[in-house]
Amino acid sequence: SVGLKLQLRLTPVQSRGGKTNTGALSPSLLPRMSSRKPVAALCQVTSTPDKEANFCSCEGLVERAREGGACMAFLPEGFDFIGSGREETLELAEALEGETVGRYAALARKLGIWLSLGGFHERGEDWERDRRIYNSHVILDDQGRIAAVYRKCHLFDVELTGRGVSLKESSFTIPGPCIVPPVQTPLGKLGLGVCYDLRFPEFSLALVRKGAEILTYPSAFTVATGTAHWEVLLRARAIETQCFVLAAAQVGRHHARRASFGHALALGPWGEVLGACGATEPGLALVEVDLQRLREVRRDMPLQQHRRGEQFY
């Protein structure tokens with residue numbers, strides 16, 4: 001088997017206090033995966049400027065991921081919030097040691113699960129002077145400790161005339177200084193990216209040279225760019241690196257000015273789709289990560305051995 005998948009859609013369930021919580025999965029929809037291979041949970045959410053509501057939605061998904069047998073859950077870029085503009089984004093940003101990461105650390109400890117916090121709005125070192133942030137991918141272990149932090153290197157400065165896409169991330173975000181070496185997780189060696197990094201194949205190949213077995217691209221792709229490029233880019237990265245690729249995603253309308261494409265995807269090292277979420281709703285996909293399959297693919301087609309030296313290219 002190249003990977004067992006289970007895809008789930010959200011259904012409204014009653015939360016404590018009697019309110020309907022669309023960020024939770026009905027337990028009846030979530031059979032536990034029984035597997036000797038580690039299981040990853042790929043999450044799809046719709047973040048808004050409401051940080052408390054976002055946390056409740058993500059918490060529900062992580063709880064159901066653990067119930068389903070996952071050892072690690074992946075949340076998308078902007079899991080903490082997606083602001084309606086520059087000023088609101090800066091106002092809601094926090095330090096890495098702040099309340100939001102602290103709450104997720106407590107959740108990881110409580111459930112005994114690793115977390116990929118896919119794009120945290122982190123205040124920069126000179127916050128009081130310049131009010132600029134990092135877009136930070138934070139990995140928490142099952143004790144709630146920070147195992148790695150990668151700060152997004154490639155910033156989304158794009159003006160697509162006629163397609164309704166106009167974003168300049170660099171106006172308030174500091175580009176990350178470097179690639180972070182892959183981090184050992186229960187799934188394997190995880191290479192960290194964020195969203196727009198997906199478009200740069202040299203980035204993923206650098207992570208493979210450093211030992212990555214799994215690449216992760218938590219994202220908030222626009223509808224226009226996602227429709228055109230999302231799946232083909234993810235499959236290309238999986239095929240050329242012979243890695244598993246896990247891409248949690250934002251979906252739907254965040255506020256009046258912004259919507260995201262959805263379609264969270266998990267790919268195998270042959271480029272096959274192992275799990276996916278849909279186009280319209282938050283959800284969860286559980287996938288096995290079979291590193292023996294990865295070794296077989298790399299043995300049968302040894303791309304890294306065939307690759308010429310950097311000077312050749």
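# Close-ups of a predicted model

**View 1. A hairpin with a glycine in its turn.** Let's start where S7 and S8 meet: their hairpin has 5 residues between the strands, and Gly-144 there takes a positive phi near 80°. Residue numbers start from 1 along each chain as its sequence is written, and side-chain values use heavy atoms, with hydrogens and water left out. S7 and strand S8 (residues 146-151) run antiparallel and are joined by 5 bridges; two strands count as paired if DSSP finds at least two bridges between them. Across this pairing, Ser-136 stands opposite Arg-151 in S8.

**View 2. Strand S7, covered along its length.** Now have a look at S7 itself, which spans residues 133-140: 8 of its 8 residues are buried. Here buried means under 20% relative accessible area, exposed means over 50%, and partly exposed is in between (1.4 Å probe, protein chains only). Ile-133, Asn-135, His-137 and Ile-139 point one way from the strand, Tyr-134, Ser-136, Val-138 and Leu-140 point the other way, and all are buried. S7 also pairs with strand S6 (residues 114-123), in the antiparallel sense and over 7 bridges. In that pairing, Phe-120 stands opposite Ser-136.

**View 3. Two non-glycine residues with positive phi.** Arg-131 isn't a glycine, yet its phi is positive, at about 45°. You'll find Arg-131 in the loop between helix H4 (127-130) and S7, where it is partly exposed at a relative accessible area of 32%. His-263 is another non-glycine with a positive phi, this one about 60°. His-263 sits in the loop between S16 and S17, and its relative accessible area of 26% makes it partly exposed.

**View 4. An open sheet of 6 strands.** The strands line up in the order S11-S12-S13-S14-S17-S18, with mixed pairing. Strand S11 (183-185) and strand S18 (273-276) are at the edges with a single partner strand each, so one side of each has no neighbour in the sheet. On average, neighbouring strands here are turned by 25° against each other, direction ignored. Those angles are taken between axes, which are lines fitted to C-alpha atoms (for helices, over the stretch in contact), and run from 0 to 180 degrees between N-to-C directions. Inside the sheet, strand S14 (residues 244-247) and strand S17 (residues 265-267) run antiparallel and are joined by 3 bridges. Ala-247 stands opposite Leu-265 in S17.

**View 5. The largest pocket.** Rolling a probe the size of a water molecule over the atoms shows where empty space is left. On a 1 Å grid over the protein atoms alone, a pocket is an open set of points with protein on both sides within 12 Å along at least five of seven lines, whereas a cavity is a set of points where a 1.4 Å probe fits but cannot get out; lining residues have an atom within 4 Å of a point. The largest pocket has a volume of about 840 Å³, a volume being the space filled by probe spheres set on the points, which are joined across faces, edges and corners. Its lining has 38 residues, and Ile-82, Ser-166, Leu-167, Phe-172 and Arg-258 lie nearest the centre. Elements that give two or more residues to the lining include helix H2 (86-92), S6, S7 and helix H6 (223-241), and S10 gives the most, with 4 residues.

View 6. Leu-167 belongs to strand S10 and counts as partly exposed at 31% relative accessibility. Its C-alpha atom is separated by 5.6 Å from that of Asp-157, 10 residues apart along the chain. Leaving out residues up to four places away in sequence, Leu-167 touches Phe-156, Asp-157, Val-158 and Thr-222; contact means heavy atoms within 4.5 Å.

**View 7. Helix H5 and its cover.** In H5 (residues 201-209), Phe-203, Ser-204, Leu-205, Ala-206, Leu-207 and Val-208 are buried. Their cover includes S8, H6 and helix H7 (291-300). Just after H5, Gly-211 takes a positive phi of about 110°.

Notes:
This is a predicted model: local features need pLDDT of at least 70, side-chain atom pairs count only at pLDDT 80 or more; totals for chains, interfaces and linings use all residues.
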